[in-house]
Amino acid sequence: MREKARERCSDHVQDFTKCCKDSGFLMVVKCRKENSALKECLTAHYRNPDFYEECKMEYLKEREEFRKTGIHSKNRLQKLPTNI
């Protein structure tokens, strides 16, 4: 759920990342505005019931597939070696 929310708030993530890189050690003070905007965006997605249901259904689908195959979805997407 966190990763999907970060993808949907990618513009805020990029702004915050750029500010942190540009500010260096003083990023705690200088990037408050960007951090607040990022938190607001993420919180809005976390509290959205439609987004929650979407993530829940995706998780249940992945869990069902794992129970059938015993292979995690990340491993299933990787290219299998061809040793013949």
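This is a predicted model: local features need pLDDT of at least 70, side-chain atom pairs count only at pLDDT 80 or more; totals for chains, interfaces and linings use all residues.
**Figure 1. The disulfide between Cys19 and Cys31.** Cys19 belongs to helix H2, and Cys31 to the loop between helix H3 (27-30) and H4, so the bond ties together parts that are 12 residues apart in sequence. The angle about the S-S bond is -100 degrees, and the link is left-handed. Cys19 and Cys31 are both buried.

**Figure 2. The disulfide between Cys9 and Cys41.** The sulfur atoms of Cys9 and Cys41 are 1.9 Å apart. This link is left-handed, with -90 degrees about the S-S bond. Cys9 is located in the loop between helix H1 (2-8) and helix H2 (10-23), while Cys41 is part of helix H4 (residues 32-46); the pair therefore ties together parts that are 32 residues apart in sequence. Cys9 is buried, its relative accessible area being 0%. Cys41, with a value of 17%, is buried as well.

**Figure 3. Disulfide pairing in the whole structure.** How many disulfides does a search of the whole structure find? The search finds 2. A disulfide is a covalent bond that links the sulfur atoms of two cysteines. When the bonded cysteines of the protein are numbered in sequence order, the pairing reads 1-4, 2-3.

**Figure 4. A nonpolar surface patch formed by Met1, Tyr46 and Tyr52.** Together, Met1, Tyr46 and Tyr52 present about 290 Å² of accessible area on the surface. Tyr52 is a residue of helix H5, which spans residues 49-69. Is Tyr52 buried, partly exposed or exposed? With a relative accessible area of 43%, Tyr52 is partly exposed, because this class lies between the limits of under 20% for buried and over 50% for exposed. The value for Tyr52 also meets the requirement of over 30% relative accessible area for a patch residue.

Note on methods: Residues are numbered from 1 along each chain as its sequence is written. Side-chain values use heavy atoms; hydrogens and water are left out. Patches are made of residues with over 30% relative accessible area and no salt bridge: like charges are joined within 9 Å, nonpolar side chains (Val, Leu, Ile, Met, Phe, Trp, Tyr) within 5 Å. Accessible areas come from the Shrake-Rupley method with a 1.4 Å probe; for residues, only the protein chains shown count as cover. A salt bridge is a side-chain nitrogen of Lys or Arg within 4 Å of a carboxyl oxygen of Asp or Glu. Helices (H or I, at least four residues) and strands (E, at least two) are DSSP runs, numbered from the N terminus. Buried means under 20% relative accessible area, exposed over 50%, partly exposed in between (1.4 Å probe, protein chains only). A disulfide is a pair of cysteine sulfur atoms within 2.5 Å.
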